[in-house]
Amino acid sequence: MESKIRKTFKFVVIGGGIAGVTCVEQLSYSLPSADVALITAGSHIKAVTNYKQVAKVLEEFDVEEQPTSVLEEKFPNLTVIHSPVKTLLAQSHLVETADGHIYGYEMLCICSGARPKLLTHDKPYVLGIRDTDSAQEFQKQLTKARRIVVVGNGGIALELVYEVEGCEVIWAVKDNAIGNTFFDAGAAKFLVPSLGADKPERAAPCKRSRYTTEAQTFTADRHTRGRGPGHTEPGSALGPDWHRGLVLKGAEQASRRVSVEYQCEVETIFTSEEMLNSQLETYTLDTEGKWPVYVKLTNGKTFGCDFVVSATGVTPNTEPFLHGNNFTLAEDGGLRVDDHMVTSEPDVYAAGDVCTAGWEHSELWQQMRLWTQARQMGWHAGRCMAARVLSEAIELDFCFELFSHITKFFNYKVVLLGKFNAQGLGSDYELLLRYTKDQEYVKVVLQKGRMVGAVLIGETDLEETFENLILNKMDLTEYGEDLLNPNVDIEDYFD
């Protein structure tokens, strides 16, 4: 096989998402003369733009889809190889791509992301939304839809049910509140009224370049769209504002109708033909006739709809790296990495959704497969790989001291800090809450008088102060409930 090696690179990075692109950028900045290759199946990459350091750890940025040529023009040392990966021979330091070429590497970083957990792989009219292609396919199918069923309770489901107009949405969540990954029941209660209210007009259009890909066809016998789970390498995950620039409008005139079905999952999905033979009664909110697909939920209700959106989370995309290699996997199926982002295979690193942080975590940090951590891990992996070449010592970056994430749900700014849902604290904590209807929701998690987590929804301007209080581990017992008193400027306390 070695005779067929096309080229050997100092560094090879697999995956054109945020983790892979950030790793490539870090390597190219640190070692501008080193040969770097980026292997990606798509013609576009995801780049971080408008990066802003909000506080010591908190950061905000946009994600922009760009042609790979933008990256190559920026870094003359970079070669982009457009192909999915077929095989990794870790002991031989070789990667074979699907187009039959073989490349050697001195160091490799796997940033292949995660793939959606589809409800089913053998049913038509089930759409998984993960990448740009599948989001565009969703937009296209929605134009003809009167009703859809959305299954899942994570970030994409939250954004989707809020954005869809002109189509009835049945939202099935397995928890007793929406957004369980990010919120407690109190925050969910604050957000739920937004589903029934008119959406505010967008202040300005999204000023990001968008690049379209070839249209896909949606037929009754095709259940994976774009680069869904059936493809060897999914397209890069969607950006944090993936729905901007898409018109998510159904076939009906009504603006929004969202019904939430709590504490239930999908029991069975039927085609219209199977439904006729099943003798089941459909639970409909009107007298609509025949639907292309029917969903039976575990709460006993059956809904007819035009299609089902599967948004039930992701699983690390470790294929095709495992066969013939000796990677240590974590319980969640991710490639286990140490605090230098190194896997169990020699000279192989990993970053982003494909990996699982195997080091001893800070008491205020947890891994969540989010944009923020994909950027942080890609950046840290690039630093560690470059430092090894330069024989420099490097420590785990400070960003892994405190979990932090800034996003937007239901048109509200959302900031999550530390153990924001009291994760892992048992019953040894107390909560302080401040709630102003339709304006803000502030929750602080205290343990032994010290702030260990916070949820901020709305324009609270408290994120920097709260980050400092968490990192400084200051005893706040004497301040009591004044900590959240709107008439007390707590920034003055702690400047």
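How far apart are the end C-alpha atoms of helix 1 (residues 18-30)? This is a predicted model, where local features need pLDDT of at least 70, side-chain atom pairs count only at pLDDT 80 or more, and totals for chains, interfaces and linings use all residues. Residues are numbered from 1 along each chain as its sequence is written, and side-chain values use heavy atoms, with hydrogens and water left out.

**View A. Helix 1, end to end.** The end C-alpha atoms sit 18 Å apart, in agreement with the 18 Å that 13 residues should span at 1.5 Å a residue. That expected span is 1.5 Å times one less than the number of residues. Helices (H or I, at least four residues) and strands (E, at least two) are DSSP runs, numbered from the N terminus.

View B. Buried means under 20% relative accessible area, exposed over 50%, partly exposed in between (1.4 Å probe, protein chains only). Among the buried ones are Ile 18, Cys 23, Glu 25 and Ser 28.

**View C. Cysteines without a bond.** You'll find zero disulfides here; the term means a pair of cysteine sulfur atoms within 2.5 Å. Cys 305 has its closest cysteine sulfur in Cys 167, 9.1 Å off and too far for a bond. For Cys 384, also in no disulfide, the nearest is the sulfur of Cys 23, 9.6 Å away. Cys 305 is buried at 0% relative accessibility, and Cys 384 is buried at 3%.

View D. Strand 6 (residues 85-89) pairs with strand 7 (residues 94-97) in the antiparallel sense, over four bridges. Pairing takes at least two bridges found by DSSP. Leu 89 has Leu 94 in strand 7 as its bridge partner. Four residues lie between the strands, and His 93 takes a positive phi near 60° in this hairpin.
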